[in-house]
Every structure is written in structure tokens, then in C-alpha cells.
Amino acid sequence: MKSLTITEIEQFLKSVEPEFDLRVPIRLHDGTRSLGGLNEGPLSLMGGKIPLKPTSVFFPQTERVFTRESDGEIKMEKPGEKPILVVGYTAEDADCLEFIDKFFSENFRDDLYFQKRDGSVIMVVSGKCGPDGGFLKIAGGKCDLELICDGERFIAQAYTEKGRQLEKKMKASKEVGDIDSLKKMSDELPDDDLKTIQKASELILAEKVPDAFWVEIGDRCIACTSCNYACPTCTCFEVYDRVHDGTTVRERMWDSCQLDGFMREASGHNPMGTEDIRTRRRIHHKLAADVTRWGHLTCYLCGRCDDACPTNIGIKSVSRMIVERYSQANEK
Amino acid sequence: MAVETKTEKDKDSASLYRPVFCRIVRISDLTPTEKLFRIEMPEGRDLNQKPGQFVQVSILGLGEAPISVSSSPTRRGYFELGVRNAGALTNALHQLKVGDEVGIRGPFGTFFDVEKFKGKDMLLISGGCGLAPMRSLIQYCEDRRGEFGKTFVIYGAKAPADVLYKDELEIWQGSDIFETHVTVDNIPQGTCYDGHVGLITTLIPPLEIEPEKSIAVVVGPPVMYRFVIMELKKKGIREEQIVVSLERYMKCGVGKCGHCTIEHLYCCLDGPVFWFNEISNLRGAI
């Protein structure tokens with residue numbers, strides 16, 4: 001297996017830049033990390049997850065649906081000329097992407113999403129490159145290629161034909177025999193958070209969480225919406241028109257179920273008219289409603305909502321409270 | 001991103017979110033706040049809706065809104081929308097004239113499953129604007145007479161001025177296909193009205209029905225469902241014999257935007273028409 005230095009990875013990325021629309025982890029002027037082009041900041045493979053919603057590459061905060069110019073003709077958006085290559089997803093981000101691929105393809109195929117997603121290439125970064133030297137879970141699949149850090153270098157592991165084609169183009173100064181020790185470290189990562197949200201899910205589904213709990217959590221929500229806007233599996237959007245110089249542009253933009261107007265109808269009827277119902281919905285959606293609909297949780301424990309929430313009611317935090325208060329073992 | 005101009009050929013099929021522009025061919029006043037729009041698809045095509053489905057109506061510059069189709073698919077060559085002037089888009093719709101165009105996407109959503117209703121006695125119960133989607137089913141029963149058993153049309157409005165489809169209600173009242181009962185909640189002073197006064201729930205107890213062979217379809221404002229369904233249960237109708245159509249805010253109509261969820265269901269995709277026993281235990285459904 002090829003083992004590459006960061007410089008070699010950067011050289012590889014430059015070599016494929018003519019073929020791909022690159023979205024790689026970069027460090028911005030303010031010290032934060034984001035996905036961007038190689039010319040937008042220095043490559044930043046170390047440090048773990050990108051703070052912003054990683055799936056925004058394919059489901060951006062705002063995107064044009066169509067344009068209608070004064071001649072009356074509707075013009076749909078055309079896919080980009082080059083396929084997108086994303087580097088820097090974590091294993092959890094790859095799980096999230098797999099789910100929203102399913103969500104956007106089920107029943108009606110969302111062409112706006114798939115015109116970006118089709119043909120794209122996903123490279124997960126994992127291993128000893130987390131924040132403060134922490135270990136990032138190895139995906140072991142669900143992406144085209146994985147760059148697994150051994151502390152100094154990144155070992156390339158391809159999982160798909162697209163990944164293998166790209167791996168061939170990588171020029172590595174070293175080869176390694178296996179990554180068994182790194183896989184073992186990944187397998188031994190604690191799964192306490194997973195057990196907690198699974199237990200919280202069971203308790204919500206079993207109606208063990210009383211309404212008073214959601215009132216308490218809802219009271220803490222300041223409706224900043226940062227949880228929804230950071231979550232890779234939040235897919236709600238609003239649609240609006242803008243008119244300028246005779247041209248109408250229809251766009252869609254992320255929306256948040258934490259906002260009062262999210263479900264309000266023209267009649268004034270609002271099925272989610274209070275903070276407690278909205279907060280319950282945010283948690284219930286990922287831990288209960290989607291379990292019923294899709295057969296699995298749709299929180300993959302990326303931790304972004306917990307990082308972003310100013311009042312500490314992200315999904316992991318709320319799940320811990322639910323388990324502490326309402327699981328049988330802890331019931332008094 | 002570059003922009004592509006679609007040809008006429010692929011105009012209607014290119015995108016999930018692309019509206020088809022359709023011409024308004026007739027506008028009728030139903031009440032001071034409701035109008036009925038008759039609309040024709042391009043090239044004489046049919047909408048191919050089923051009773052109870054809805055369309056997303058676009059007015060460019062203002063956006064889109066979900067509106068129930070209020071005509072039956074048995075009436076070919078056009079479809080109709082009964083629209084209350086309740087928001088920015090519906091207000092703009094009310095300003096349009098015959099010959100103007102609106103964007104249409106759809107039809108979307110589940111429908112009144114008329115195949116399962118065949119041979120059954122039907123209680124078609126609607127309140128307020130609920131008569132708009134219900135009318136698609138009433139017209140269907142009218143056009144397919146003989147396919148259904150005894151059919152009751154039960155309608156309630158707030159006041160006489162709010163009664164929708166007055167002319168058709170009169171026809172249905174005089175028809176041998178339907179047993180039609182209309183009520184209003186109250187009569188404002190100075191109003192001339194000699195019909196039944198009282199909540200819609202007062203119309204249900206006197207009905208002579210055979211509960212075992214009946215299907216009840218209920219469409220109306222959120223407050224209506226619980227009380228109407230309580231009365232239906234008193235008549236011996238079970239939850240699995242009741243069909244409801246629910247209203248929610250829908251931006252996309254295709255189960256993506258997330259505004260119309262009812263727990264694990266999407267009202268635009270899994271509804272708006274539900275068998276009541278499928279949603280009766282879901283929080284916030286009614």
C-alpha cells in the first residue's frame with residue numbers, strides 16, 4: 001500500500017486538479033478549517049472533522065433551482081463541468097453521505113442533489129490525525145478511497161474502481177505492508193456515545209420520555225439553528241423566488257425545524273407552534289421517526305450539533321440526559 | 001455554474017422542480033375569499049390526477065404553494081382548484097385573469113382509494129375549505145354512479161357567506177345519488193338563511209347508516225377531525241373505516257423539504273390522504 005507524506009498528497013491533488021472540482025480541507029485565515037479549493041488556503045489534513053456541514057458540497061446552503069428570464073424561458077441549472085472530488089470527510093461523514101444519498105433518491109430522485117453527487121469521488125481521512133493527536137475511526141468502505149494516517153504519513157486504501165484509478169496516480173516515497181495495527185486501534189475506539197444514543201432512541205420509542213422533559217430542553221433552545229445547519233443529515237429546505245431586472249430566480253436554502261415558522265400554514269395553523277414540540281422533533285426525528293421510517297438511527301455521532309449548540313442541547317448531550325433520567329437502571 | 005437552456009421537447013420532464021405553465025380558462029367566485037380556477041394543461045393534456053391529490057402552484061416571483069385539486073379526473077381536459085385568499089401567493093392568484101398562466105407541478109400525494117370504496121356506503125364529511133379536495137371525490141361518485149352504495153355529502157361552514165360550491169351543493173341536494181346535509185356554525189345578524197344551524201357534528205347522529213358496510217371520508221380544519229371522528233365511532237364506524245386528508249405546509253411536494261412531517265411520515269408523500277388507523281396514534285397528526 002502506498003504511504004504518502006502531506007507534500008505528496010498535495011502534489012497528487014495538484015495533478016488531478018484539471019480533472020476534478022476539488023473540495024479539500026484547508027486552513028482559513030482565522031485558523032478555522034473548511035472544505036475549499038487548493039488556491040483558497042493551505043491543505044489541512046490534520047485536525048479531524050471540518051466544523052461546517054460536510055454534505056453542503058452536494059446540498060449547499062443555497063442553490064439555484066432555475067432562472068426565468070424576461071423571454072419567459074425557464075433555464076435549469078447545468079451540472080458543473082468537472083466531477084467533484086472531496087477530501088477530508090471522516091468515517092462518520094461518509095455514513096451521513098450514504099444516508100442522504102438514500103434520502104434524496106427515495107421515491108422522487110432529487111436532480112439538484114444528484115447533478116453534483118453523480119460522478120463525485122469521496123476520500124475519507126482517518127487514523128492518527130484527529131484533534132490534539134486523537135485517533136479518527138477508519139471507515140473501511142463507504143467511500144472511494146481512504147487516507148489513513150499512521151502519525152506521520154497517510155496510507156492510501158482504495159475501495160472502489162474510481163478510488164483505485166486515483167490511487168494509481170499517487171506518487172508515494174514509501175510502501176507499507178498492512179494497516180492491521182491501525183485497524184485494531186480503530187476497532188478499539190470507545191462506543192459509549194453510540195450506546196447512549198441507541199438507548200435514548202429506545203426510550204423515546206417506548207414513550208418513556210415525558211413531555212415535561214421536552215419543555216425543559218425546549219426552554220434552553222435559543223433558536224439559533226446552528227444544530228440544523230451543522231448537521232450532515234439535516235436536509236430540510238425552504239424555497240423562495242427573487243426577482244431582479246425582469247429575471248426570476250428560484251432558489252432553495254437550508255431551513256431549520258427549530259424556527260417557529262417552519263411548519264406554519266397560511267391559515268395560521270402551526271403543528272409545531274411551541275419550542276418544546278420543535279426541540280422534541282429535532283431529536284425525535286433522528287432517534288425515533290427515522291428509525292421507524294428507515295430502520296436505523298440517522299445521527300452518526302459526528303458531534304457537530306453538540307459543538308455548535310450554545311446551550312448544550314446537542315443530540316449527544318440530550319441523549320445522555322434521557323438515559324440518565326429515564327433508563328430503567330437509573331430510575332429511582 | 002453554467003446555465004443550460006432546455007429545448008421545448010424536454011421542457012416538462014427535465015427536473016423534479018420544474019413547473020409546467022398552464023392556462024387559466026375560467027375563474028368563478030365561490031365566496032368573497034374563495035375562487036375556483038379552471039386550468040388547462042398545455043396541448044390539451046390531462047393532469048392525470050386521482051381524487052384527493054394536490055399540485056404545487058407557482059407564481060414566479062412569489063413562489064409555490066400546495067393546492068388540492070378540486071375536480072374529478074373523470075372530467076377530462078381541465079382541472080380545477082378552489083383557492084382561499086390566505087397568503088401572499090394565493091392573494092396574487094386571486095388577482096389573475098382568464099388567459100393568465102400559472103406554473104404547475106404534480107399531481108402529488110396519496111389519493112382517495114376509490115377502488116377500495118366500491119360497493120361501500122360513503123359518508124363524505126367536510127368542513128370549510130375541506131370541501132375543495134372532497135369535491136374531487138363527490139364528482140367522481142357522481143360520474144361513476146352505481147359503483148358505490150348510499151352516499152352522504154355532509155358539509156359544514158362557519159356562516160352562510162362561507163359556504164363553498166353553493167350551486168353544486170344545491171344540485172347534490174336535489175340529486176338521487178346523494179343524501180346531502182349542510183350546516184353553518186352560526187348566522188350573523190342580518191343574514192337571510194333558512195338552513196340547518198349547528199356544528200357539523202350535529203349532522204352525524206341522525207344519519208341512517210349501516211356501519212359495517214360504510215366508509216367515512218373526513219376533510220376539514222384541524223379542530224374538526226377529533227370531534228367528527230368521535231361521532232362516527234358512536235355510530236359504530238371503526239378507525240379502519242375512516243379516511244382523512246390532512247393539510248400541512250409543503251414546499252416541495254416530493255418528500256424532501258421536511259416541512260410536512262408527521263412523526264415518521266411525510267404528508268406530501270405518505271399523505272395527504274391517510275387511513276385514520278395509520279395515523280391516529282401519531283403525535284400532532286390531528
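Chain B is divided into domain 1 (20–108) and domain 2 (114–245), the bounds being those of an automatic or database domain assignment. The model is a predicted one, in which local features need a pLDDT of at least 70 and side-chain atom pairs count only at pLDDT 80 or more, whereas totals for chains, interfaces and linings use all residues. Residues are numbered from 1 along each chain as its sequence is written, while chains are lettered from A and ligands numbered from 1 in the order in which they are written.

The centres of domain 1 and domain 2 of chain B, taken over C-alpha atoms, are separated by 24 Å. The contact between them draws 15 residues from domain 1 of chain B and 16 residues from domain 2 of chain B, two residues being in contact if their C-beta atoms, placed from the backbone, lie within 7 Å. On the domain 1 side, β2 (20–31) and β6 (79–84) of chain B each supply at least two residues; here helices (H or I, at least four residues) and strands (E, at least two) are DSSP runs, numbered from the N terminus. That side of domain 1 of chain B holds four nonpolar, eight polar and three charged residues, where Ala, Val, Leu, Ile, Met, Phe, Trp, Tyr, Cys and Pro count as nonpolar, Asp, Glu, Lys and Arg as charged, and the others, Gly among them, as polar.

For confidence, pLDDT is the predictor's confidence in each residue, from 0 to 100. Chain B averages a pLDDT of 93, and 95% of its residues score at least 70. Over residues 1–12 of chain B, however, pLDDT stays under 50, and for this stretch the model has 17 contacts beyond four places in sequence. The complex is given an ipTM of 0.93 and a pTM of 0.93 by the predictor.

Between the chains, 35 residues of chain B are in contact with 39 residues of chain A. On the chain B side, the elements giving two or more residues are β1 (3–5) and β5 (63–68) of chain B, and the largest share, three residues, comes from β1(B). By class, this side of chain B comprises 15 nonpolar, 11 polar and nine charged residues.

Chain A is assigned domain 1 (2–187) and domain 2 (192–330), and the C-alpha centres of these two domains lie 26 Å apart. In their contact, 25 residues of domain 1 of chain A meet 22 residues of domain 2 of chain A, with β4 (62–68) and α2 (91–105) of chain A each supplying at least two residues of the domain 1 side.

Chain A also contains an open sheet of eight strands, in the order β3-β2-β6-β7-β8-β9-β1-β10 and with mixed pairing, two strands being paired if DSSP finds at least two bridges between them. Strands β3 (33–36) and β10 (174–175) of chain A stand at the edges with a single partner strand each, so one side of each is left without a neighbour in the sheet. Strand β1 (residues 2–4) of chain A is joined to β10(A) by two bridges, and the two strands run antiparallel, with Ser3(A) standing opposite Lys174(A) in β10(A).
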